[in-house]
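Here are my notes on this one, written as numbered points. Keep the viewer open while you read and look up each residue as it comes along.

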Amino acid sequence: MDILLWGVLPYLVALTLIAGLAWRYRYDQFGWTTRSSQLYESKMLKIGSPLFHYGLFVVLGGHLLGLLIPKDWTDRVITQETYHAIALTAGTIAGVACLAGIAMLIYRRRTTGAVFLATTKNDKLMYVVLVAALVFGIIATLTGGTYPDGTEHNYRETVSIWFRSLMVFQPNVHAMAESTLQFKVHILIGLALIALIPFSRLVHAFTVPLHYVFRPYVIYRSRDSHTPTPSQARVRGWDPVGTTDKDKGQR
Amino acid sequence: MAKRVMAQVAMVMNLDKCIGCHTCSVTCKQAWTNRAGTEYVWFNNVETRPGQGYPRRYEDQDKWRGGWVRTPSGGLKLRAGGRLQKLLSIFASPVQPGLEDYYEPWTYDYENLTSAPLGDDFPVARPKSLITGENTAITWSANWDDSLGGIEATRNADPILEKLRAESNEKIRTDYEKSFMFFLPRICEHCLNPSCMASCPSGAIYKRSEDGIVLVDQDRCRGWRQCITGCPYKKIYFNHRSGKAEKCTFCYPRIEVGLPTVCAETCVGRLRYLGIILYDPDAVLAAASVPEEELYQAQLDLMLDPNDPEVIALARAGGMADDWIIAAQRSPVYALIKHFKVALPLHPEYRTMPMVWYIPPLSPVVDLLRDQGHDAEAAGNLFGAIDALRIPVEYLAELFTAGDTKVVTEVLQKLAAMRSYMRGVTLGTGRDTALTDAVGMTPEAMEQMFRLLAIAKYDDRYVIPNAHREQAHNLEELACSLDSDGGPGQYESGPFGQPGRPIPVALETYAALKERRAEAEADMAGQSGAGKATP
């Protein structure tokens, strides 16, 4: 069981992510968008969305630090207690900001008629997994530091070691199996979220337009060479007036 | 760096002829935005001025932050902020019109008219929101204040009137809004220095190097919505269903085969002119950065003389086909803008170098004179009135010359002189050279201008070269394609979708269409026999 969960599943998820992104990039450029609902509602979005996203950046950064940097490296600079205190404070603040942001966004999505109508089943599933990942992440941070018998648990000696072992394709299943239940649950939900990315609107995260900083303002492009133009077939984006935003298929 | 010469398709609209019938808007909507997600979108809209426009008060750049501003050092920057600022605020676009600034699109519950149970009351078709599907109260639309309708309630919201009023220190009586009115049809300006493009984080908006048409690559747009803030004309729209930006395409599939845009083709007043101009893309930025009062001249200077041998040589060196150079020489747009200097850019102060220009309307002045019982076509009356009627002139100047009334007055005087001069010709009272001299034109030029403005035929109004012939086969649907009817590629997607790009344009082959029409017309001409003039 441990081998399946911590030795096989992560690779399956990674494969899904990579293959899914490649598939989506090749076949669904037109569907690759943030699908903003700002046109319908702006006030709550303007607070909730930045709160969530900036919170998420800090959270992701914290994950990378905690998972990638071996404990004995930081031990040379600061004590475990200081590290833990910093990580716990920053992590909790960011996590709570993130959660508050998404709570606001979900409230907005549910109560603003037009936004709710534009919410697909895919979105709903994504929200459930995303919120679960966040909530269990905070739970793991706050309570995952001790085993049920009261002995101390440091995820950087279990989860992080396992995570780094995955990177070099030598999965240290045992290290992960040593971790607490809270972390295990959080990781499983996290894996589900990662697997979901290519197939949900989360995909927009993979086209963060950083190249904007470097490109010229005015872009000249030659007329497209031949592209077949179906004159009869249904073309995406051309659904008749009255088709609702969440109607399937044609995004 | 050697000078380059590129072509730009441009449009001129003669506002004197616009009767505000909205045919252009309707045909455009039927052609391009009659689909889910774009119900509220009008690539072409006709506004009544004075009025708020669509979306409401889009000209208030203090609020909407569109276009460029000149920095103290003479550079240009986006009014909405630099690149980093844009990236940092990407999670919720800070300034963006909401649906309430456009309007909530609606339909009617027509079915109720036939399915309502028998009763004493007439069944009614209630308005239903196309966004929520709920019953809705219609409170606004793209032309709610059409022909000054409801101006009593909305006139204070016209950003230009607001500005003029503030400048004239409240001296302007409120009833003057009734004293003039004209229509302003608007499409995308296909700017030479587009701020939408500069705002796009994904780099999805591009300018076609062959004809300067500005398009959104639907595959590369990720829906960050910065272009909507960036465009000061608010002519980029968010498709709330596909999550992508959309805009006027200048009907590029038609332009490519030499046909005018749908709005131009269907214009009842025949007020639109289409043609190409030549310009040097490397000179655009400098021209867009000059002080405000020099913008009009800078923009004129940007348009190169298509008869200049040096320009022709450079154009050829850049690979421009001869038919394009000839089209540039015949361009009615170039003639109206640069030769006769009667067309003006819309809001040059946004510094985007717009490519849809307007001949300002003389009619508010003429109408007023007539209403007051004067001979509205006598030169003295007209010239005097243009000077005396500061308000319409100032209003027009705010629209077309960043407030410079001198340029607008000159244009109106030319139009007035043409009116009086041609009246003399028509009535046989002679060619009054005092009139042409007064506006610095020769009688020949005056009559040329009259022909172009008053009686130009289809082929004179629309001088559009075909897309390069050597690439022309690209425009056809390939006969052997699998995408033909019944072929395996007919439908958009298999289980894994279809590789390549979905194109939101369902086209017939326009060249074939044009040929068919020409044949049909030739047939009809043959049947009607010799002696009868063809229309």
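1. You'll find Ala402(B) in the loop between helix 18 (390-400) and helix 19 of chain B. Helices here are DSSP runs of H or I with at least four residues, strands are DSSP runs of E with at least two, and both are numbered from the N terminus.

2. Some ground rules before going on. This is a predicted model, in which local features need pLDDT of at least 70 and side-chain atom pairs count only at pLDDT 80 or more, while totals for chains, interfaces and linings use all residues. Residues are numbered from 1 along each chain as its sequence is written, chains are lettered from A and ligands numbered from 1 in the order in which they are written, and side-chain values use heavy atoms, with hydrogens and water left out.

3. Now the overall picture of chain B. It has 23 helices and 15 strands, and 57% of its 535 residues count as buried. Take the contacts in chain B (heavy atoms within 4.5 Å) with a separation of 6 or more: 71% of them are between residues 24 or more positions apart.

4. Next, the inside. A nonpolar core is a set of buried Ala, Val, Leu, Ile, Met, Phe, Trp, Tyr and Cys residues joined through side-chain atoms within 4.5 Å. The largest one has 162 residues, and Tyr40(B) and Leu336(B) touch the most other members. Helix 19 (residues 405-427) of chain B gives the most to this core, with 10 residues. Apart from it lies another core, of 21 residues, including Trp32(A) and Phe52(A).

5. Have a closer look at Tyr40(B). Setting aside residues up to four places away in sequence, its partners include Leu39(A) from the other chain, plus Tyr54(B), Tyr102(B), Tyr103(B) and Tyr237(B).

6. Arg35(B) also deserves a click. This residue sits in the loop between helix 1 (23-33) and strand 2 (45-49) of chain B, and it is buried, with a relative accessible area of 2%. Leaving aside neighbours within four places in sequence, Arg35(B) is in contact with several chain A residues, among them Trp238(A) and Asp239(A), and with Asn239(B) and Glu246(B).

7. On to helix 16 (residues 363-371) of chain B, where the buried residues include Val365(B), Val366(B) and Leu369(B). The buried residues of this helix pack against strand 7 (182-186), helix 17 (379-388) and helix 19 of chain B. Just after helix 16 of chain B, Gly373(B) takes a positive phi of about 85 degrees.

8. How do helix 16 and helix 17 of chain B cross? Their axes come within 10 Å and cross at roughly 115 degrees (axes are lines fitted to C-alpha atoms, for helices over the stretch in contact, and angles run from 0 to 180 degrees between N-to-C directions). That makes helix 16 of chain B roughly perpendicular to helix 17 of chain B (under 35 degrees counts as roughly parallel, over 145 as roughly antiparallel, 65 to 115 as roughly perpendicular and the rest as oblique). In the contact, Val365(B), Val366(B) and Leu369(B) meet Asn381(B), Leu382(B), Ala385(B) and Ile386(B).

9. Most residues other than glycine have a negative phi, and most peptide bonds are trans. Ala402(B) has a positive phi of about 55 degrees although it is not a glycine. Phe250(B), also not a glycine, has a positive phi of about 55 degrees; it is found in the loop between strand 11 (244-247) and helix 9 (252-255) of chain B and counts as buried at 1% relative accessibility. The peptide bond from Arg49(B) to Pro50(B) is cis, with omega near -5 degrees, and another cis bond joins Tyr54(B) and Pro55(B), with omega about -10 degrees.

10. Finally, a stop in chain A. His174(A) is in helix 8 (residues 173-177) of chain A, and at 55% relative accessibility it counts as exposed. Its C-alpha atom is separated by 9.5 Å from that of Gly7(A), 167 residues apart along the chain.

Definitions and conventions
Buried < 20%, exposed > 50% of the residue type's maximum accessible area, 1.4 Å probe, protein only.
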